[in-house]
Amino acid sequence: MTMRMDDRRCFFARCLMAALLLGPASGAHAAREMLEFEIEGQTRRVLMFVPDTRSTEPRTLMVVFHGRGDDDTAFANAVQLHRDWPEAIIAYPRGELREASTMRGWQYRPGDQGDRDLALVDRLLEETARRHGTRPENTHAAGFSNGGHFVLLLLAERPEAFATFTVIGSVHPGFESDAPPKPVMYLFGRGEGREFKDDWAKTVEALTRHNRTQGPLVKFMTCCNLQSPGPGGAPFVFGLYNAGHIWPSDGNQWLMEFSQHGWQPAGNKQPGTRAEGEPIPLIQP
């Protein structure tokens, strides 16, 4: 998302997000850990929730990036993906301050801030692989607002490190990359400012081009449309939710279902699609 949008609304979003997803705790539990890395003279940290039971299979790793002006702990307390998905390893990295800013966030483009955030992701993935045996095919990235913008940077710069990419509450109409397509889910609030309507639609178009999707749209989950890939492409899921600049109330469920869907390599029929059918009109914000 553009910095203008984050600057105006990150405080509002942070306050509202603290009220989301309050409910009964799950019977399963995850151990809370704090990882720290020294990167270019700066201490970076990642809040981790790791299942407290053993598994014979590689663990799922979900890395979730907060929006601008937030931090790892507040974001984790608001979203609580680790509560809803205790079988997975959930990582909440913390963004750092930019020059002349009092708000934490993530780099927007390659080379920005010396690529400090890409370096953090590299170190985090190396460490979780060493400690927990995580693998790229079971590793996923998701981000909200400025964190969603950073997920698009990861799609362009680290496509092989993650199996899926989820972007929530962000716009990037000029996105383009020569990186290989990967499964992407893009969610945006109907209550976002009307001035972002065109940018949302153009971001959908940009990701459609990047993922080389084609053909009819198929209803997917309760939120979204799915467009299947053409040759050499990857599936693209996108939809609108009934809120403004805030993590959606059903976001955790959608994120879990999307990342565990079992997407097939390009050229195979994707689960949940149909070979024939009338196109479904593009949903409007």
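User: Which aromatic cluster includes Phe-49 and Trp-247?

Analyst: This is a predicted model, where local features need pLDDT of at least 70, side-chain atom pairs count only at pLDDT 80 or more, and totals for chains, interfaces and linings use all residues. Residues are numbered from 1 along each chain as its sequence is written, and side-chain values use heavy atoms, with hydrogens and water left out. Rings of Phe, Tyr and Trp (its six-membered ring) pair if their centres lie within 6.5 Å; planes under 30 degrees apart are stacked, over 60 edge-to-face, and the rest tilted. The one cluster here is made up of Phe-49, Phe-75, Tyr-92 and Trp-247.

User: How many aromatic pairs are there in the whole structure, and how far apart in sequence are the parts that Phe-49 and Tyr-92 tie together?

Analyst: Searching the whole structure turns up eleven aromatic pairs. Phe-49 with Tyr-92 is edge-to-face, at 6.0 Å centre to centre and 90° between the planes. Strands are DSSP E runs of at least two residues and helices H or I runs of at least four, numbered from the N terminus. Phe-49 sits in strand β2 (residues 42–51) and Tyr-92 in strand β4 (residues 89–93), so the parts tied together are 43 residues apart.

User: What kind of pair do Phe-220 and Trp-263 make?

Analyst: Phe-220 is buried, and so is Trp-263. Their ring centres are 5.6 Å apart and the planes meet at 40°, so the pair is tilted.

User: How many residues of α5 are buried?

Analyst: The buried ones include His-149, Phe-150 and Leu-153. Helix α5 is largely enclosed by the rest of the structure, because the buried count is eleven of the twelve.

User: Which side chain makes a 2.8 Å polar contact with His-245?

Analyst: A polar contact is a pair of N or O atoms within 3.5 Å; within protein, one must be able to donate a hydrogen and the other to accept it, and residues adjacent in sequence count only if both atoms are side-chain atoms. His-245 is buried at 4% relative accessibility, and its side chain contacts that of Ser-145 at 3.0 Å. The 2.8 Å contact is with the side chain of Glu-192.

Definitions and conventions
Buried < 20%, exposed > 50% of the residue type's maximum accessible area, 1.4 Å probe, protein only.
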